[in-house]
Amino acid sequence: MSLLPVAEAQRRLFALAGPLPVEQAPITQCTGRWLAHDLPALRDQPWADLSAMDGYALRAAEQPGPWHVASTSTAGGPPPPPLLPGQACRIFTGAPLPPGADAILIQENAARDGDALRAVDGTLAPGRHVRPAASDFARGATLLGSGTWLGPAQIALAVLGGHGHLPVRRRPRIALLSTGNELVAPGLPAPPGFLPSSNAPMLAAMLAALPCDVQDLGIVPDNLDAMVDAMARASAADIIVTTGGASVGDHDLVRPAFLRAGGQLDFWKIRMRPGKPLAAGRLGDAMFLGLPGNPVSAFVTGFLFLMPLIRHIGGAASPLPVTMDARLASPLPATGDRDDYLRAFRREGGIVSVTSQDSAATASMAMADCLILRPAGSPPAASGQAVTILPLA
């Protein structure tokens, strides 16, 4: 297979699976998910003309008074009676205006003696300090569009719109498989020749920001039968993610195991650095992503492919990572025949590439807060030149 451009690989990945089924989830379980359908308002907000200040509801044309304070209106209290000419209503923030009132005289600008009231400062125009009915939104209006991410502000809007449940996609189920005879579980001794298994904890931490359920199925040795069995155990997931064993060595058995388990490979090898050996396909109803084994490549491909795939099947309107323009604080060399995704960090003077771009340099990876995208064939870039970056957080 020829090397696929990153954008084409992402497009083909999304074409392998559509969004998951829709469910009506309690509002408390919707944070961080995406709306499956447009959300209409079930009520007007505000529900009536409301006071924005403490003071007195009255007719602006009657200023400076005097008025007779004939009633009181409070938030959550009984509706006030209509105002007769020359009357005012004592009112508090969030309370409904009585019929006939068109302005609020704030209490700082009022002089009251018993039930007699006068304005002592300012000119009051109709509508002053009034929140008109349905000025935020009206019943039937679209509050949020399909594919909208549900953060705190969106949750508040949905609740004020009258909703206690929202249409969202089922949470994706992700199964993680780490492959390699050299791997040992985190925290166990790693004598010479062995390596702590960091990819699954790293990917689980990466996915913690997304609304998905992650299951770590542990370490699978470089044995074809063991890998086929592991694929079968993972087949109930929506996405099976393997790390390691995706290249062309004698012990790279992930693709042969995937095919023996009944999988259909869609693409393999991406025109990018790091992360070239990425593979993708389907195994029954599950998506399959074979990520490279070294942590830097697994991190970059997880960011560019796994996270967008989860957003895609979760119903996000814009599943791909955000890109930005930034200025280099130091020069960069020309690129080769693959797109480079350089680990970098932002500082006051611009973007700085981390010291080592080796795919095994995890200490440098931990310094990065963005990736610099350098397309294949790019000439050298001077300090101060604009580049495209992908923020990591």
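Q: Which residues of β21 sit on one side, and which on the other?
A: Ala286, Phe288 and Gly290 are on one side, with Met287, Leu289 and Leu291 on the other, and all of them are buried (under 20% relative accessible area with a 1.4 Å probe, protein chains only; exposed is over 50%, partly exposed in between).

Q: Where does the model come from, and what are the ground rules?
A: It's a predicted model: local features need pLDDT of at least 70, side-chain atom pairs count only at pLDDT 80 or more, and totals for chains, interfaces and linings use all residues. Residues are numbered from 1 along each chain as its sequence is written, and side-chain values use heavy atoms, leaving out hydrogens and water.

Q: Okay, how many bridges join β17 to β21?
A: Five, and the two strands run parallel; strands pair if DSSP finds at least two bridges between them. Ile240 stands opposite Phe288 there.

Q: And which way does β20 pair with β21?
A: Antiparallel, over five bridges, with Arg282 opposite Met287. Two residues lie between the strands of that hairpin, where Gly284 takes a positive phi near 65°.

Q: New topic: how many residues are in the largest nonpolar core?
A: It has 44. A core here is a set of buried Ala, Val, Leu, Ile, Met, Phe, Trp, Tyr and Cys residues joined through side-chain atoms within 4.5 Å.

Q: Which element gives the most to this core?
A: α6, with twelve residues.

Key:
Helix = DSSP H or I, 4+ residues; strand = E, 2+ residues; numbered from the N terminus.
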